[in-house]
Amino acid sequence: MQWLLILPGYFLWHYTLAFRDIWHLWMNAFWTINRVFSIPLLLQTLFSPWKRIIETDGKKFDLEDWAGRKLVNLMSRLVGAMVRMSVIVTGLVSMLATFILGLCLYMFWVVAPVVIAILFMSGVYLLF
Amino acid sequence: MNKQAPEILLYTPAIALEQFLNRRWQKVITSAFLIAGVSSVAGYTYSTYIAPSELAGTFLGIGAISVSFLISVSLLRFFHNAFYYRGFGTNEREAIGTTYEVARIFYNANDDVTGAFARSPQGYETLTRLGLTDKDIETFFLRDRTKLSVGALPLPDNQYITFRDLGLVLFETDVVYKNTLVEAGVTAEIYFNTLSWVTRRYYAYKNEKRWWSKERLSNLTSIGREWSYGTAYLLNRFSRAIANNSIFSNLINDNAYASEKVEEIEIILARSRESNVMLVGEPGVGKMDILLRVAERIKRKVSHPNLNDRRFIVLDTDRILAQFDSKQELERTFLTMLNQAERAGNVILVIENIAGFIKAGESIAVDIVALIEPYLGAQDLNIVFTETPNNYHHEIETLSVMQKIETVYVEPSSLLGTERLLQDIVRNYEIKYQTVLTYPGLQAITIDADRYVPTGVMPDKAIDLMVEIMGAAGQAGATHVTEDFVQSYVRQKTGIPVGPIEDTEREMLLGLEDKLHERVVGQEAAITAISSAMRRARAGIQDADRPMGSFLFLGPTGVGKTETAKALASVFFGSENAMLRIDMSEFSGFDALERLLGNSHTSGIISDMMQEHQYAVLLLDEFEKATQGVHDLFLQILDEGRFTDARGNIVNMRNTIVIATSNAGSQFIIRAVQNNQNLTDIKEEIIREIIKDGVYRPELINRFDGVILFEPLGHTEQKTVAGYLMKELQDRMRAKGYNLDFSDDITKMVAEEGYNPEFGARPMRRVIQDHIEEAVARKIIAGSLKKGETIRLSAADITTQK
């Protein structure tokens, strides 16, 4: 008869401890996204040259060479910034999505038993 | 009533759920409803928009019901996980409580916790790994025993009870349970280690499944970390990522020794300058595994902050050397690589077996060391070198650049470390060969690999042995790999009688004195001392870290010292050939040690001997004549049972009986016997005299298992020896087709003529040769003796000088 304990135990958890458990998962998700997209690091190095590709000055000064190098280095930084920006934006969008999904999950959680019941009953109604 | 008993209430619904629908079925049902739901939606879409039909409503209905079940089962799984992994991360742990496994045992206990423990998956695995069969476990259940209820269990207060804790409490509390195990040969230590093994295994299993934990999620690769560092294009072409191999992937975080080394390396690498490491260790000790662990830790960001984003690149020196075989090319390429590595800013360059690389460079006049040197001080580049101890000591240690490189030694793993490692990797083989490795079996593999596998280092040789044994067990259809199985395998493989003593050997050991006396005349005290030392060794009660036996034989020449060693080799190791003999008088010069231990070009005499037959008697004749250095070497051998030869190889002598013979003190012994003194009484005095004369130092004498005094032969013994020698001659002649018959007075004559106090019985052979063989030879040559005939000799036929 122990299985009779399952449902009461479940509902007790569903409306108490489960909220804390979901919170943990939610925070883990934020932590992971922040890590995968390395947002802080990319912000810090936003304008660093792309993969450290830079031209260093030669021994003899030559205006044309100098300008050329500056241009290459500027390009390297610009390319770097653009690619990094896109990743940062993707990361931020993922965070926002996670935030919204989390809120939705909480809302769904509260009404989940009702949703299940409605789905089941409408299914039965549709079939018979 | 203990404080943990109420925990069951907390877990009850989840456990009840699992018993109603176990985790596997939960998963299967989820998938089934998911498939049903998706198919219904597809069906609905099809019958509504593509080929409209009346089925649309039915599909929608099935879909709705499937989804309602899908959500229900998913919620239940979430619910079950919440308890199944409860307390898993230490930070989520309450102060008092139990793990899910323990609660489940309590739940099933019905006032018999031990029973529920033994029937639980973990408990059953523990008992199986302890070597108990299903029948043993059944017998235990049937025994008359007092059953323990959960409330009555003396659980430690204020503690989080894990499976291991419960197992320990039961061992201490349930007398019948403990007795059952003790009768099966399980000691408290074996029990504890087995419990720990099973507990750790389940922990690892759960950790593997818990993909949403921070620990697991941190393994995801980050995007963009590399973009702020340069790319070493050329280097990337001639390198490989630090490889994952079977050993490392299973090394667990609490392997204390590895952790210590990892930390040591991290500290060096994290320095701002001259942060280079020379890793020195035998092949197979796991040098790369330790680096791989550093790499993992860097990736997980738990290493030193300075090392964040660093990556290991292992230089493929073979390919570089193959492709660039001219001086200019190699120099240019190698410099470019180093440059790129430095520019990249996050490279830890690994160069394996650096001595070999340097040598290969030298052969085309490239000075690799000079090329590397400027980069050893670079801020943004770490270089890690690896080398074996021998090459390191001979080629690398003295280089001046070593000032910029920190050396880290990686020792072969300890027995306990090896055991842990085997525990972590054996599961794959258990599944492959359908057999279970018991803990005593695992312990035997570790010890036997250490003792009886002469080549290789730990843990490598233990892993090899384990893989072989698991395969053999699979072929033999053995369900359990027990200690006996391991030992009989090792016995078969090495010919060394390890493991349980068998009947024939038992008889041999118990009758060792008689066996030795078949060849050695007299010397009662000596034979008794040797025999009991040998029995101690085979019973396994002797110190395992020393040679199997070690004796110093003192006494005059020709009284049976060598013969005793030979007899021991033949009785104990089955053949007289198992006696290795070194004449120590040849090792009195300045090159004595080098000849024994070898040098970088040639191997040493003693290492060669031991590589071939380590299970043997090593006889060191005239030991006192060897140099002080040689004595010191044996001091170490007698103490540790092994030594390191000139090439850095560790040579095992723990399966060897070492016998040193010496004439030192003979005069005392002869005098004592002449004065009718008992040798045992004056033994101490004789030893003192020898030490006083400076022949041996006291610490050396004390290292021997026994100092055995051989006394001069008495008249009866002299005659017995003469009898043996005559019998030998008789046998030799029989082999040639002649029968020799001799009277008793001949034996007496040989004994009298052939014995003298200084050389003992040694001249007897000479007497036989000079007189008796001579007489026989005359007869044969004169033709008075034909094959098949019998020659009769008496003292009258023999002419002696006397």
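Good morning, colleagues. Please keep in mind that the structure on display is a predicted model.

I begin with the sheet. In chain B, five strands form an open sheet in the order S12-S13-S16-S11-S17, and their pairing is parallel. The edges are held by strand S12, residues 579-583, and strand S17, residues 706-709; each has a single partner strand, so one side of each is left without a neighbour in the sheet. From one strand to the next, the twist averages 20°.

As a reminder, strands of a sheet pair through backbone hydrogen bonds, either parallel or antiparallel. Consider the pairing of S17(B) with strand S11, residues 549-554 of chain B: the two run parallel and are joined by four bridges. Within this pairing, Phe553(B) has Ile708(B) of S17(B) as its bridge partner.

I turn now to helix H31 of chain B, residues 628-640.

Which residues of H31(B) are buried? They include Val630(B), Phe634(B), Ile637(B) and Leu638(B). These residues cover an arc of only 95° around the axis, and therefore lie on the same side of H31(B).

What covers these buried residues? The cover includes two strands already named as members of the sheet, S11 and S16 (657-662). It also includes helix H29 (592-597), strand S14 (642-644) and helix H34 (698-703) of chain B.

Finally, just after H31(B), Gly641(B) adopts a positive phi of about 75°. Thank you for your attention.

How values were computed. Residues numbered from 1 in each chain as written. Chains lettered and ligands numbered in written order. Predicted model: local features only at pLDDT ≥ 70, side-chain atom pairs only at ≥ 80, totals over all residues. Pairing = 2+ DSSP bridges. Axes fitted to C-alpha atoms, helices over the stretch in contact; angles between N-to-C directions. Buried ≥ 20, exposed ≤ 12 C-beta atoms within 10 Å, placed from the backbone. Arc of directions from axis to C-beta. Contact = placed C-beta atoms within 7 Å.
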